[in-house]
Amino acid sequence: MWLATNVPLASLTTLRLGGPAQEVAVLDDPGDFPELVAAAGRAGSAPRVIGAGSNLLAADDGYPGLVVRMATTGVRLDTSQDDGRVLVTVQAGHDLDALVAEMVAEGLSGIECLTGIPGTVGATPVQNVGAYGQEVSDTLANIRAWDWTTGQETEMIPAHCGLGHRTSVFKHSKRWTILTVTLALTPSKLGPPLTYRAVADAAGVPLGEQVLLDETVAAIRQVRDEKGMILDSCGSDGRTAGSVFLSPSIPADTARHLRAEGAPVNDFPDGKTRVSASWLMSAAGFSLGQRLATGARISTRHFTLVADDGATAASFADAAATVAEQVQRATGITLTAEPDLLGNLPAYARLSPHGNLGF
Ligand SMILES: Cc1cc2nc3c(=O)[nH]c(=O)nc-3n(C[C@H](O)[C@H](O)[C@H](O)COP(=O)(O)OP(=O)(O)OC[C@H]3O[C@@H](n4cnc5c(N)ncnc54)[C@H](O)[C@@H]3O)c2cc1C
């Protein structure tokens, strides 16, 4: 583990925004965890944990405490299960996209639709990461976490984790630091039925058909790439935190009406029907590439917000608020911000109904 003081959070987040953290610890060896506990003891409170910073807006004033960047890597496979599934235990700092590629190469199904999502495996339970019909909750077996309230390591099964649509007990809490994530994956040549039109089209098959695992990955990467949702190939749209807004849940009559207008409306594993926030932005009259505040604009490829030179966390938050207000006026639907807040930025915290505390 190494420790440094006064580290710019802009260097630790994909939006490349944010002032200095008072202290940053990078944990690259799980055996060093007691050192981190000691550092947190000196700081006087639980640290704020981050991974790759791909779902974070860090405040311009920075963070007045200890931030821990999880950089532990490694994967262990357990093939001794009676039901044929393989238990895959992954260190929190392991790169998610790399894990997906490793599991597809092993012929294991369950997370292939998460291909191209940036970030660490340890962050995936925090907002129950998901895409194109798969969520981490589909395959999560258990988590090992440090509980800063009890001062002990604990094992949490999914029933303890409050996993929902882009949420969990870990979201907006710094009680737990996730140390390892264990997934139960299934040996299979095929991916799941392709239930998203764009993905099925990219794979060249009818909606609902299954294709080989690597073909599933290729189709999803093609769709993500076209939308600028693969970090390495975003070009000038690369300062991004992905979707700035959650897909809002809508009642059945609104779903019928929006489907008739051609909106991407999908049914989610939690039983709710949601419309794409990006579509709502377009329907509210925004255009690709449109500048909304100093250094903050809509991506040229997809309806989400990105940063440019001159952006600050405050101007990014202003742009997000402008979008939410205009969508509300035009459609009557309330948008909620997805990326978590690090530090103090009330204008952004207001966009999250459950309190994006920043702590
Ligand atoms: C281009 C792009 C595309 C994206 N596409 C998707 C998508 O399709 N689906 C989706 O769900 N998300 C998507 N995201 C969002 C993001 O990639 C995920 O939320 C990812 O899981 C964040 O991982 P991270 O390591 O970067 O977490 P960070 O951004 O560093 O942290 C996110 C939150 O998790 C907490 N956290 C991180 N690690 C731990 C840990 N070990 N223990 C406890 N808490 C922790 C942090 O405190 C913070 O609140 C996208 C982002 C980008 C930039």
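Predicted model: local features only at pLDDT ≥ 70, side-chain atom pairs only at ≥ 80, totals over all residues.
Tutor: Residues are numbered from 1 along each chain as its sequence is written, and side-chain values use heavy atoms, with hydrogens and water left out.

Student: Which backbone has an N or O atom 2.5 Å from an oxygen atom of the ligand?

Tutor: Let's go through the polar contacts (pairs of N or O atoms within 3.5 Å). Arg48 puts a polar side-chain atom 3.0 Å from a ligand oxygen, and a side-chain N or O atom of Arg224 sits 2.7 Å from a ligand nitrogen. The backbone atom at 2.5 Å from a ligand oxygen belongs to Val49.

Student: How much of the ligand does the protein bury?

Tutor: Accessible areas here come from the Shrake-Rupley method with a 1.4 Å probe. Taken alone, the ligand exposes 980 Å², and the share of that buried by the protein is 95%.

Student: Why do the buried residues of α5 line one face of the helix?

Tutor: Buried means under 20% relative accessible area, with a 1.4 Å probe and protein chains only. In α5, a DSSP run of H or I with at least four residues, the buried ones include Leu213, Val217, Ile220 and Arg224. Going by the directions from the helix axis to the C-beta atoms, the buried residues line one face because they fall within an arc of 165 degrees.

Conventions: Polar contact = N/O pair within 3.5 Å; in protein donor to acceptor, adjacent residues only side chain to side chain. Buried < 20%, exposed > 50% of the residue type's maximum accessible area, 1.4 Å probe, protein only. Helix = DSSP H or I, 4+ residues; strand = E, 2+ residues; numbered from the N terminus.
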